[in-house]
Amino acid sequence: DPVLVWFRRDLRLSDQAALLAACGDGPVIPVYVLDDETPKHRAMGGASRWWLHHSLAALDASLRDKGSRLILRRGKSAEVLAKLGEDTGAGRVHALRHYEPWWRNAESAVAKALDLVCHDGNYLAPPGSITSGSGDPYKIYTPFWRALKQTMPPADPAQRPRDIPAPAHWPKSDRLSDWDLLPTRPDWASAFGDEWTPGEEGARARVARFLDRADDYDATRNLPSIEGSSRLSPHLHFGEVSPGYVWHRTMDAGGSVDVFLGELGWRDYAQNVILQFPDYAAKNARDKFDALPWRGGKAASADLKAWHQGRTGYPIVDAGMRQLWTTGWMHNRVRMIAASFLIKHLLIDWREGERWFWDCLVDADYGSNATNWQWVSGTGIDSNMFVRIMAPLVQSPKFDAGDYIRQWVPELAGVKGDAIHDPEDAGERPDCYPKKIIGHREARERALQAARKAR
Ligand code: FAD
């Protein structure tokens, strides 16, 4: 009998334990289910859908090179897979385990209808497996990372299957173009393709490009004007490359790679957080912050919109928000500054920001996004303090963001020298660029006062 391989955020042929196991188990029917229907299933955001479209096309092409193909179906995962099993005679489904609460629910539902075999491989270590001496999962990153490192390096990446045995009859597949994953009018993703090549090949190319510069990572990763980090996040999110592969290639390249590997560790850490706190994107982990008087109403809505559009009058924040809109990605240092600005300067609930990022990021990841938003807001289990308020106008020169601002805020392209960080203060603000939405000192006072109410 044929077996199903249920692809989700693991869109690769190499080092894909579910696919490898299936290949030894019978004719293989690879399937991807677009699930916007299961209750409580968090539908993918717009930018992620753009990525998904191209990544599925790439996966199908690689499968076809091996005489296989990708079957596309849409609906409730468990129902779709059960029906596919019935139609094809497949009783077993192989999948990589996922940790978003809705995927865990879906896995339970699938296991009721079919023989579901879950495999590991999307994380350095299976989330939940790294525990303290007393057997409890870690809540804080540093001890988690120390323990995770002890289990590294993980096994060397498994091979690509040489052949993928095909079934005698292929079940019907939806047409990818009928899923309307790409934006049409307006096509806000028109520039995404300049920055990204979704799919396994694009991911490998990105790894290779990073390895040439990995030695400079520590020195350049915080400078938004330079391509100092790997830009692997969307590839890792969609599982086009395994973290084990990235780990090994980086180690092989040598040099000082500890800081980079520690960032990969944050990715694992975030999954451990959502395994312990499944509704991390909805609830403050420190509940005293439930009493924080976030702003609401018309003025706050207008401010939120200005933040979305990159029109706050703070050049570093605006550059980041426009990079996000234009490319589906934002530099990590600027993500922290822009997030902190929304939460503290505008005193708008971090969940509004989490949702915007979810919709706009090509690397939008339930665990990483929620963990980082709660980290910045100070509401998380392991987080910055709320009262530590980042000063965007200090961060901007400190991390040499001038050229980054000139690139993403064209109204300011002509502003020379240090005036770029705060053209309003320097008397060089062009009329077409907005005044600061709120002064730094005033915003800081308001945030500190709000924090006192949450104590
Ligand atoms: P590199 O510096 O090259 O790091 C390598 C890899 O490590 C990344 O690709 C990523 O997979 C992982 N990583 C690095 N930093 C973190 C981190 N802080 N937390 C978790 N994993 C990390 N990252 C996402 O992948 N998805 C998100 O939805 C997301 N939302 C974020 C929201 C906010 C408010 C903030 C401050 C950060 C968020 N991050 C998120 C983390 C981080 O900004 C991105 O992973 C990073 O910018 C991706 O760029 P890179 O691949 O060049 O990273």
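## Helices H10 and H11

Helix H10 (residues 243-253) packs against H11 at an angle of about 170°, and their axes are 11 Å apart. Here helices (H or I, at least four residues) and strands (E, at least two) are DSSP runs, numbered from the N terminus. Axes are lines fitted to C-alpha atoms, for helices over the stretch in contact, and angles run from 0 to 180 degrees between N-to-C directions. That angle makes H10 roughly antiparallel to H11 (under 35 degrees counts as roughly parallel, over 145 as roughly antiparallel, 65 to 115 as roughly perpendicular and the rest as oblique).

On the H10 side, the contact uses Pro243, Val246, Trp247 and Thr250, and H11 brings Phe260, Leu261, Leu264 and Arg267. Two residues are in contact if their C-beta atoms, placed from the backbone, lie within 7 Å. By class, the residues of this contact are six nonpolar, one polar and one charged. Ala, Val, Leu, Ile, Met, Phe, Trp, Tyr, Cys and Pro count as nonpolar, Asp, Glu, Lys and Arg as charged, and the others, Gly among them, as polar.

A word on the model itself: it is predicted, so local features need pLDDT of at least 70 and side-chain atom pairs count only at pLDDT 80 or more, while totals for chains, interfaces and linings use all residues. Residues are numbered from 1 along each chain as its sequence is written.

## H11 meets H16

H11 also packs with H16, this time at an angle of about 90° with the axes 8 Å apart. That makes H11 roughly perpendicular to H16. From H11, Arg267, Ala270, Gln271, Val273 and Ile274 meet Tyr366, Gly367, Ser368, Ala370 and Thr371 in H16. The residues of this contact split into five nonpolar, four polar and one charged.

## Around the ligand

There are 27 residues around the ligand, and Ser229, Ser230, Asn332, Asn369 and Asn372 come nearest. A residue is near a molecule or strand if its C-beta atom, placed from the backbone, lies within 6 Å of it. Helix H9 (233-237), helix H11 (258-276), helix H14 (332-345) and helix H16 (366-377) are the elements giving two or more residues to the shell. Sorted by class, the shell has twelve nonpolar, eight polar and seven charged residues.

Where does the ligand lie relative to domain 2 and domain 3? Domain 2 (123-155 + 195-276) and domain 3 (287-453) both give residues to the shell, so the ligand lies between them.

## Domains

The domain assignment gives domain 1 (3-121), domain 2 (123-155 + 195-276) and domain 3 (287-453); the bounds come from an automatic or database domain assignment. Between domain 1 and domain 2, the C-alpha centres lie 24 Å apart. Their contact takes 17 residues from domain 1 and 18 residues from domain 2. The side of domain 1 that touches domain 2 has six nonpolar, five polar and six charged residues.

## The sheet

Five strands make an open sheet in the order S3-S2-S1-S4-S5, with parallel pairing. Two strands pair if DSSP finds at least two bridges between them. At the edges sit strand S3 (71-74) and strand S5 (115-119), each pairing on one side only. Neighbouring strands are turned by 30° against each other on average, direction ignored.

Strand S1 (residues 3-7) and strand S4 (residues 92-96) run parallel and are joined by three bridges; valine 5 stands opposite histidine 94 in S4. Helix H3 (residues 77-88) lies across S1, strand S2 (28-34), S3 and S4, and runs at about 150° to S2.

## The loop between H5 and H6

Two backbone details turn up here. Arginine 185 and proline 186 are joined by a cis peptide bond, with omega about -5°, and proline 186 is in the loop between helix H5 (141-150) and helix H6 (192-195). Aspartate 180 also lies in the loop between H5 and H6, and its phi is near 50°, a positive value in a residue other than glycine.
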